[in-house]
Amino acid sequence: MAKDTIADILTSIRNAEMNTKRVVRIAFTNLSESLVQILLREGFIENVRKHRENNKSFLVLTLRYRRNRDEPYRNRKVLNLKRISRPGLRIYSNYQRIPRILGGMGIVILSTSRGLMTDREARLERIGGECLCYIW
């Protein structure tokens, strides 16, 4: 059975946010580093640092929250992460058919021949690829 590292990363971030954890620790791979750099660049997470422990490398993510923590849970901005292409069913898209999430408010992360990139970058470079996940 194949291990789905992208789904593991998204689930770790989603679970930490639902439990209002400020810090998430995920396994380091080149794919996870690229995915986290996109999240950092787009403003979905606050900070990333690489941590090494017992010959294993981890990425430590600091999640972004509102400053006022007294608000009830239902009024908090919840980060929505949805895995699209998975090992059992790959979803590919050319640059003209890349979906727009919330009219451009969210992002689609694509795996292209030039590495991981967002939907906006892929449209500008006129390149398609595998739709990994939606984030809004």
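Student: Which residues does D4 touch, not counting residues up to four places away in sequence?
Tutor: D4 touches R83 and P87. Touching here is contact, meaning heavy atoms within 4.5 Å. This is a predicted model, where local features need pLDDT of at least 70 and side-chain atom pairs count only at pLDDT 80 or more, while totals for chains, interfaces and linings use all residues. Residues are numbered from 1 along each chain as its sequence is written, and side-chain values use heavy atoms, with hydrogens and water left out.

Student: What does the side chain of D4 do with R83?
Tutor: The two side chains make a polar contact at 2.9 Å. That term means a pair of N or O atoms within 3.5 Å; within protein, one must be able to donate a hydrogen and the other to accept it, and residues adjacent in sequence count only if both atoms are side-chain atoms.

Student: Is D4 buried or exposed?
Tutor: Buried, because its relative accessible area is 18%. Buried means under 20%, exposed over 50%, and partly exposed in between (1.4 Å probe, protein chains only).

Student: And where does D4 lie?
Tutor: In the segment before α1, which covers 5–18. Helices (H or I, at least four residues) and strands (E, at least two) are DSSP runs, numbered from the N terminus.

Student: How many helices and strands does the chain have?
Tutor: The protein chain has 3 helices and 8 strands. Along the sequence they read α-β-α-β-β-β-β-β-β-α-β.

Student: New topic. Which strand holds I26?
Tutor: I26 is in β1, residues 23–27. I26 has 5% relative accessibility, so it counts as buried.

Student: What is I26 in contact with, leaving aside neighbours within four places?
Tutor: I9, S12, S32, V36, F58, L59 and L61. L61 is 35 residues from I26 along the chain, yet their C-alpha atoms are separated by 8.0 Å.

Student: What lies over the face of F58?
Tutor: R25 does, at 3.9 Å from the ring centre. The rule asks for NZ of Lys or CZ of Arg within 6 Å of the ring centre and within 35 degrees of the ring normal. The charged end of K50 also sits over a ring, that of F28, 4.0 Å from its centre.

Student: How do β6 and β7 run?
Tutor: Antiparallel, with 4 bridges joining residues 107–112 to 115–118. Strands pair if DSSP finds at least two bridges between them. β6 and β7 form a hairpin with 2 residues between them.

Student: Which residue is the bridge partner of L110?
Tutor: M117, in β7.
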